[in-house]
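Let's take a walk through a protein together, one stop at a time. Have a look at the model below, and then read on.

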Amino acid sequence: MDSTYDYIIIGAGSAGCVLANRLSEDPAVKVLLLEAGGRDWHPFIHMPAGLAKIAGLTSINWDYATVPQPQLGGRVLWCPRGKVLGGSSSINAMCYIRGVATDYDSWAAQGASGWHWDNVLPYFRKSEGNARGSDAFHGGTGPLTVSDLRHVNPLTRVFIEAGHQAGLRLNDDFNGARQDGVGLYQVTQREGARCSTAVAYLAPARARPNLTVCTHANASRITFNGSRASGVTCAVRGQGHHFEARREVILSGGAINSPQLLMLSGVGPADALRKHGIEVVFDAAEVGSNLQDHLDVTTLQHCSQPISYDRASELKTALQYFLGGHRGPGTSNVAEGAGFFRSQLATDERCDIQLHFIPAMIDDHGRNRLPGDGYTMHACFTRPHSRGSLQLASNRVADAPLIDPNYLGDPEGFDLKMLVECAKLSLDIFSQRAFTPYRGAPIFPASQPKTEADWIDFVRTRAETVYHPIGTCRMGSDATAVVDPQLRVNGVDGLRVVDASVMPCLPSGNTNAPTIMIAERAADLIKDA
């Protein structure tokens with residue numbers, strides 16, 4: 001393995017795999033892709049329903065946790081992040097959601113010039129290979145295959161009918177002209193298998209002689225020559241290496257790992273770095289701040305008929321999937337049903353509540369198995385006001401950072417009000433007549449909350465993350481932004497951040513598709529530099 005490359009990409013996740021493909025399209029450019037995890041060999045990565053089995057595997061998951069959250073009764077929340085080729089796109093629920101035009105126009109208004117909707121839509125379309133074909137909103141030939149679900153549980157059809165009865169319009173395309181409504185998610189799947197960025201982008205590029213992919217490579221420092229990023233120090237299977245970058249180092253570790261590595265490398269709040277004995281390269285006060293995440297509230301109900309995925313035989317499902325041509329329940333992303341709703345508290349025309357319906361009982365992210373059959377609603381406020389932070393625990397990369405999303409911590413208490421609205425909408429949908437033949441005993445909440453205090457207590461007890469951390473390396477045009485609109489780290493040269501950490505604020509939905517879009521656009525920015 002060579003020691004010098006034109007570009008070094010740290011992190012082979014949702015953004016890093018895209019960059020590796022696009023930058024290595026030029027045969028004259030040498031690209032090194034570093035990934036702390038291993039290859040995406042596990043068969044349950046590729047069987048969509050296998051996500052229930054792989055989420056807790058620490059061999060492919062950083063398995064992070066937050067610090068205790070005061071507004072959630074001091075609970076510590078789980079924060080899984082992919083540690084494998086494909087990153088979190090190899091362990092997520094594959095829901096393909098972009099958000100809406102106003103989300104990106106808002107980014108531009110906040111100083112992310114060039115990232116307005118008309119500018120980013122071509123990159124969404126460039127990345128997308130939608131099985132339905134191309135139109136004004138969708139791409140039909142891009143690397144990332146987006147498909148309709150091959151298998152849908154009957155309870156999900158019931159949810160759609162119930163949502164319609166509750167007043168939501170039917171919607172078969174949440175990434176089209178209108179987001180509001182209820183229907184099925186389209187998913188990042190190809191012929192019934194997960195289509196992660198490792199599958200979509202990295203696999204087609206692996207044979208290129210100018211691309212080197214190095215797994216089990218844990219980066220510990222970005223090195224600098226003066227104020228210019230010059231390379232990366234890392235341990236490859238426990239052995240120390242230093243790789244030099246002729247053009248740029250590109251950090252694509254995600255909203256947790258990217259700010260951590262920046263700070264370990266001397267780019268961050270100076271006083272905090274000195275506290276850990278880290279030499280300051282540039283005093284970047286906002287590195288690690290502006291942390292945002294989608295918090296949701298989960299509502300569970302028993303099902304009176306034995307048709308949920310709780311009843312499914314894992315062995316039978318796997319055999320049917322692997323021996324039957326990727327068919328059956330194994331192709332389900334589990335979070336099959338989608339809903340977007342504009343509440344009475346909405347501050348603009350956008351939907352502010354997102355629903356994920358699961359035809360199974362999912363308690364504590366599926367880590368606590370409940371007996372019997374049931375179904376689960378996840379409902380989240382899409383644009384939370386709370387802002388948290390990420391700080392170093394030490395000057396060692398092996399020590400997980402201190403993750404404090406500050407859930408429900410906004411001073412005006414608006415996030416809490418919205419989570420109560422989310423819970424009320426969930427129970428309203430469950431109460432519709434479509435669920436009558438299937439409705440068993442309630443689980444969470446065990447009985448209908450009677451007072452506002454009851455609703456608040458339910459939210460504080462049941463709220464959990466939907467795994468959408470962003471914002472810790474905020475993009476903007478102001479002097480305090482971590483990166484500029486070209487994603488170059490302010491205060492130094494030869495260093496960019498390309499991942500969800502650069503988002504100024506959350507989009508109205510899942511974050512994987514927007515992260516891939518960011519990487520597609522970043523590749524062009526880098527090539528044009």
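**Helices that cross and helices that line up**

Helices α11 and α12 are roughly perpendicular to each other, a label used for angles of 65 to 115 degrees, whereas angles under 35 degrees count as roughly parallel, over 145 as roughly antiparallel and the rest as oblique. Helices here are DSSP runs of H or I with at least four residues, strands are runs of E with at least two, and both are numbered from the N terminus. Before going further, note that this is a predicted model, in which local features need pLDDT of at least 70, side-chain atom pairs count only at pLDDT 80 or more, and totals for chains, interfaces and linings use all residues. Residues are numbered from 1 along each chain as its sequence is written, and side-chain values use heavy atoms, with hydrogens and water left out.

Two packed helices are described by the angle between their axes and the distance between the axes. For α11 and helix α12 (residues 452-462), the axes cross at roughly 95° and come within 9 Å. These axes are lines fitted to C-alpha atoms, for helices over the stretch in contact, and the angles run from 0 to 180 degrees between N-to-C directions. Which residues make the contact? From α11 come L416, L419, V420, A423, K424 and L427, and from α12 come E452, W455, I456, F458, V459 and R460. Contact means heavy atoms within 4.5 Å.

Stay with α11 for a moment. Its 17 residues (414-430) should span 24 Å at 1.5 Å a residue, and the end C-alpha atoms are 25 Å apart, which agrees. The expected span is 1.5 Å times one less than the number of residues. Of the 17 residues of α11, 13 are buried, so this helix is largely enclosed by the rest of the structure. Buried means under 20% relative accessible area, exposed over 50%, and partly exposed in between, with a 1.4 Å probe and protein chains only.

Now compare another pair. Helix α1 (residues 16-23) and helix α7 (residues 197-205) pack at about 25°, with axes 8 Å apart, and are therefore roughly parallel to each other. Here C17, V18, A20, N21 and R22 of α1 meet T197, A198, Y201, L202 and A205 of α7.

**Residues that meet across the chain**

Next, find W78 in strand β4 (residues 78-79). Is W78 buried or exposed? With a relative accessible area of 6%, W78 is buried. Its contacts, leaving aside neighbours within four places in sequence, include H365, R367 and Y467. W78 and Y467 are 389 residues apart along the chain, yet their C-alpha atoms are separated by 8.8 Å.

N290, in strand β16 (residues 289-291), is buried too, at 15% relative accessible area.

Most residues other than glycine have a negative phi, and most peptide bonds are trans. Y467, not a glycine, has a positive phi of about 65°, and N406 has a positive phi near 55°. Y467 is found in the loop between β24 (463-465) and β25 (495-497), while N406 lies in the loop between β22 (402-404) and α11. Finally, a cis peptide bond, with omega about -5°, joins F444 and P445.
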